[in-house]
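Dear colleague,

I am passing on the structure we discussed, with some notes on what turned up in it. Please look at the coordinates first and read the notes after.

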Amino acid sequence: MRYGPFIERFWSRVEKNGPVPEYRPELGPCWIWIGTLRNGYGRINIGGKKLVTAHRWLWEHKRGLVPKGFELDHLCRVRRCVNLLHLEVVTARTNWLRGSSPTLKNLSKTHCQKGHPYDEANTYYPPDRGGRARACKECARERGRQYKARHHERVIQAHRDYRKKQAQLRAHKS
Ligand SMILES: [Zn+2]
Ligand SMILES: [Zn+2]
């Protein structure tokens, strides 16, 4: 790989006048990767069919290696952004909790699907989901009430069936 042309190739895939992140306007515009994407992140071939993540490559090229156990987190939440000012080295877990992991992007939401707040009082971490995924207490209470109501209904129905059967038996005997 010849170095010069690679850098040129890299910057030819960057649009520096991207949008300013809505919730962090002080960061300034995102540098949008307009090349290949995977999971929303920019990808570039560094030769020998080896693909690397664009923002990470730029970071390591300019600032040095990201240590093991650490990841780059997009402060702007724009995965395809390669603006180094929008990136921060964090532990893998922090990044995960912030919700930039695709499977857990729900963590960045402030409310559950039904609109209950994910605040301290209303949030719990079900152990059957690894103790890390958030769940809404209010929704859990609601499910509990529905379960109880259904259960109650089933019990009543069972009693009805039982009485009916007993009545049938009695009618049969007499
Ligand atoms: Zn950005
Ligand atoms: Zn809820």
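The notes below go from confidence and overall make-up to the individual elements.

Please keep in mind that this is a predicted model. The mean pLDDT over the chain is 85, and 86% of the residues reach at least 70. Among the elements, strand E2 (residues 32-33) has the highest mean pLDDT, 97, while helix H3 (residues 92-98) has the lowest, 67.

The chain contains four helices and nine strands. Read from the N terminus, their order is α-β-β-β-β-β-α-β-β-α-β-β-α. Of the 174 residues in the chain, 13% are buried. Among contacts with a separation of 6 or more, 33% are between residues 24 or more positions apart.

Strand E4 (residues 41-45) pairs with strand E3 (residues 37-38) in the antiparallel sense, over two bridges. In this pair, Leu37 lies opposite Gly42. The hairpin of E3 and E4 has two residues between the strands, and Asn39 in the turn has a positive phi of about 55 degrees.

E4 is also joined to strand E5 (residues 51-53), again antiparallel, by three bridges. Here Ile44 has Val52 as its bridge partner. Five residues separate the strands of this hairpin, and Gly47 has a positive phi near 105 degrees.

Helix H4 covers residues 137-173. At 1.5 Å a residue its 37 residues should span 54 Å, and the end C-alpha atoms are 53 Å apart, so the two values agree.

Regards

Technical notes:
Residues are numbered from 1 along each chain as its sequence is written. Chains are lettered from A and ligands numbered from 1 in the order in which they are written. This is a predicted model: local features need pLDDT of at least 70, side-chain atom pairs count only at pLDDT 80 or more; totals for chains, interfaces and linings use all residues. A residue is buried if 20 or more other C-beta atoms lie within 10 Å of its own, exposed if 12 or fewer, and partly exposed in between; C-beta atoms are placed from the backbone. Two residues are in contact if their C-beta atoms, placed from the backbone, lie within 7 Å. pLDDT is the predictor's confidence in each residue, from 0 to 100. The expected span of a helix is 1.5 Å times one less than its number of residues. Two strands pair if DSSP finds at least two bridges between them.
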